[in-house]
Amino acid sequence: MPLSHPRRSALSEQVIAALRAQITSGEWPVGSRIPTEPELVEQLGVARNTVREAVRALSHNGLLDIRQGSGTYVVATSELAGVMQRRFAEADPRHIAELRSTLESAAARLAAERRTEKDLKQLDALLLRREEAWESGDKEAFVTADATFHLAVVSASHNDVMTAMYADLGEVLRDWLREDVGEKLTPETHMDHGRLLEAIRAGEADEAAAEAARYPFLCRLGGVTPTGD
């Protein structure tokens, strides 16, 4: 729908907000290429320079990556997520594993105590999607499905701060998983998550926490056991 045409600076802010909304809503998921500049001009009903200014602003904020000759791609879902990805791009993989273990263990414990029937239905569906992605052999589909399942576990904690923080770390964790998976899916990178889900379903907080804590350290880049064990 074409936007209204107030003064130029306000119009630019409107376009930035419209593009950001497409990203945060998931309409343009991380990794996807956004519409071309002419397509955005037509969709939004604004001048080419206004679209270009908005895209550059979101690129500067870390949400978009402008790749000459290829297009513009979504690389983060929020400004903070973009900052997180840049800040931790070269982090020690074991440190990322330790962060995952700490956050996901705490969230799984809370999820076992607070999950609703709606949460369980979503987790069942997402675990099935993860298995289907694995069987398809599509590495990126598996990484996305795995990350989505883990985010849903955190969301089932019903701790909004923890969920928002984990979501902002999402692309950092996906990058870590991509590196761990390697060029193709192998049996070592599958890891059955059924026990985690069943512990949450049964309300077994200790078991859920233990299951969630161990997964990152089963990955190749995570090491064999957590530090201190």
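## Ala91 and the basis of the model

Ala91 is partly exposed, with a relative accessible area of 27%, where buried means under 20%, exposed means over 50% and partly exposed covers what lies in between, with a 1.4 Å probe and protein chains only. The residue is placed in the loop between helix H4 (79-87) and H5, helices being DSSP runs of H or I with at least four residues and strands being runs of E with at least two, both numbered from the N terminus. Ala91 and Ile66 are 25 residues apart along the chain, and their C-alpha atoms are separated by 24 Å.

The structure is a predicted model, in which local features need pLDDT of at least 70 and side-chain atom pairs count only at pLDDT 80 or more, whereas totals for chains, interfaces and linings use all residues. Residues are numbered from 1 along each chain as its sequence is written, and side-chain values use heavy atoms, with hydrogens and water left out.

## The largest pocket

Grid points are joined across faces, edges and corners, and a volume is the space filled by probe spheres set on the points.

Two or more lining residues come from each of helix H1 (8-24), helix H5 (93-114), helix H7 (139-155), helix H8 (160-168) and helix H9 (170-181), and H7 gives the most, with seven residues. By class, this lining has nine nonpolar, eight polar and six charged residues, where Ala, Val, Leu, Ile, Met, Phe, Trp, Tyr, Cys and Pro count as nonpolar, Asp, Glu, Lys and Arg as charged, and the others, Gly among them, as polar.

About 340 Å³ of space lies in the second largest pocket, whose 15 lining residues have Glu37, Val55, Ile66, Gly71 and Thr72 nearest the centre. The elements that give two or more residues to this lining are helix H2 (37-44), helix H3 (48-60), strand S1 (64-67) and strand S2 (71-74), with H3 giving the most, three residues. The lining has five nonpolar, five polar and five charged residues.

S1 and S2 run antiparallel and are joined by four bridges, two strands being taken to pair if DSSP finds at least two bridges between them. They form a hairpin with three residues between them, and Gly69 in the turn has a positive phi of about 85°. Ile66 stands opposite Thr72 in S2, and both residues are among those nearest the centre of the second largest pocket.

## Salt bridges

Side chains of opposite charge can pair when their charged atoms come close. With a salt bridge defined as a side-chain nitrogen of Lys or Arg within 4 Å of a carboxyl oxygen of Asp or Glu, the count comes to 15 salt bridges. One of them joins Asp146 to Arg130, the closest N and O atoms being 2.6 Å apart; Asp146 lies in helix H7 and Arg130 in helix H6 (residues 117-136), so the pair ties together parts that are 16 residues apart in sequence. Both Asp146 and Arg130 are buried.

Arg178 and Asp175 also meet in a salt bridge (2.7 Å, N to O), and, being three residues apart in helix H9, they are separated by about one helical turn. Arg178 counts as buried at 18% relative accessibility, whereas Asp175 is partly exposed, with a relative accessible area of 29%. In helix H11 (residues 205-218), Glu211 and Arg214 are likewise three residues apart, or about one helical turn, and their closest N and O atoms are 3.2 Å apart in a salt bridge. Glu211 counts as buried at 9% relative accessibility, while Arg214 counts as partly exposed at 27%. Glu37, Arg48 and Arg52 are linked in a network of salt bridges.

## Arg100 in helix H5

Arg100 has its place in helix H5 and, at 5% relative accessibility, counts as buried. Leaving aside residues up to four places away in sequence, Arg100 touches Ser105, His150, Tyr166, Leu173, Trp176 and Pro216, a contact meaning heavy atoms within 4.5 Å.

Definitions and conventions: On a 1 Å grid over the protein atoms alone, a cavity is a set of points where a 1.4 Å probe fits but cannot get out, and a pocket is an open set with protein on both sides within 12 Å along at least five of seven lines; lining residues have an atom within 4 Å of a point.
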